[in-house]
Amino acid sequence: MAKSGAIPSSPLILICGDDDFAVKQRAAHVFEKLCGDLGGMDDEVVDAGALNSAEALKAISRLREALQTLPFFGGGKVIWFKSCDFLGEGKVSTVKAVTAALGDLADLFKEFEWGEVRLVISAGKVDKRKTFYKTLNKIGEVETFAGWSVNDRDWAGQAESWARQQLRARQQEISEEAVAQLVAYTGPNARQLNNEVEKLAVFAADRRRIELEDVNAISTRNKQARAFALGDALGDRNLTALLKALDEELWAMKTDSKKSEIGMLYGLISKVRVMLFLKEMIAARWLRMERNYSSFKAQLANVPADALPADRRINPLSMNPYVLFKALPQSAQYTTDELVRAMDLLLDCNRRLVQSGIDGALVLQQALTLIVREKSP
């Protein structure tokens, strides 16, 4: 995430990365600070977004003109080449005319007498193999914002820390469980998390402390978080809630091509797998039933990493700790044998979905009913 760090001293600055929100926030901060420091009156913002090669060439031409136009009133000049999207590996980036124009621009940077001129370039992911990037990295300064990813073990911790910092800047605090739930709702989405933090700050008004109830009351659940409702109902062994959540997911599938019965099934398999792992970790005395989220996270730090699968896709320690925390009491709703049976039923469900022509909704309903149904006395 973007920080209010020191302003680069180089006249040529590239701010780039996968986290477009952080990139734009940081670039805007650097541009505004440089404008204030230099005190010029001819500062320019050049929109570098391009849908095709013609637009990319036009943006490059405008940047060259901006660099070669001296400040009318004297003094300094700051240029922001904003939201450039043809420095990576996209289709526009591979056009020969664009590549050649960027090469010429890099040569101009080497020869340019910067004086009191400053150039800030903001971009998405940049191809570091290309001459343009190598030139900027050699003669200028580069700041990269990689963003958060579910593949990073500590992304949730970083997101929680950032949310706390933003609220402290507003003289507000947030409880451990509330910030964990907030991050679980938004996922590794910096822009949405920023929006949710602002909403919470306004909602809490004069109250200094934000609690879990506040997050549950107004925070928006992203698609991933809404899908958790299906797994939570399974974990709670609540058949009514489970079938309702399944109906909602099946309905959403009609308007979202990325959703499918197989995708829902894999999410349910992951939920059962997590509850099995938690049961085993409790049996090994690495974990104990815990109602306090902070204490639970401290326990997770003591779980031997080499005792769990190396594959991050099935390793529970690679998950958001709050998701594990919520699954902990749910694992007590089932015996180990019942969870093993549930896994068998879901794997059989997978086979039927793939190989038979039976209605997918019916297959899922039957499997989930068998899993949740109480054991016969």
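Visitor: What ground rules apply to the numbering and the values?
Guide: Residues are numbered from 1 along each chain as its sequence is written, and side-chain values use heavy atoms, without hydrogens or water. As the model is predicted, totals for chains, interfaces and linings use all residues, whereas local features need pLDDT of at least 70 and side-chain atom pairs count only at pLDDT 80 or more.

Visitor: How much space lies in the largest cavity?
Guide: The search of the whole structure finds 1 cavity of 30 Å³ or more. Volume here is the space filled by probe spheres set on grid points, which are joined across faces, edges and corners. For the largest cavity that gives about 40 Å³.

Visitor: How are α6 and α13 oriented to each other?
Guide: Helices are DSSP runs (H or I, at least four residues) numbered from the N terminus, and their axes are lines fitted to C-alpha atoms over the stretch in contact, with angles from 0 to 180 degrees between N-to-C directions. The axes of α6 (residues 176-186) and α13 (residues 321-331) come within 9 Å and cross at roughly 110°. Angles of 65 to 115 degrees count as roughly perpendicular. The pair is therefore roughly perpendicular.

Visitor: Which residues of α13 make the contact with α6?
Guide: Contact means heavy atoms within 4.5 Å. From α6 come Glu177, Ala180, Gln181 and Ala184, and from α13 come Tyr322, Phe325 and Lys326.

Visitor: Is Asn194 buried or exposed?
Guide: Asn194 sits in helix α7 (residues 190-204), and beyond its neighbours within four places in sequence, it is in contact with Phe21 and Trp162. Under 20% relative accessible area means buried, over 50% exposed and in between partly exposed (1.4 Å probe, protein chains only). At 8% relative accessibility, Asn194 is buried.

Terms used:
Helix = DSSP H or I, 4+ residues; strand = E, 2+ residues; numbered from the N terminus. Parallel < 35°, antiparallel > 145°, perpendicular 65-115°, else oblique. 1 Å grid on protein atoms, 1.4 Å probe; cavity = no way out; pocket = protein on both sides within 12 Å on 5 of 7 lines; lining within 4 Å.
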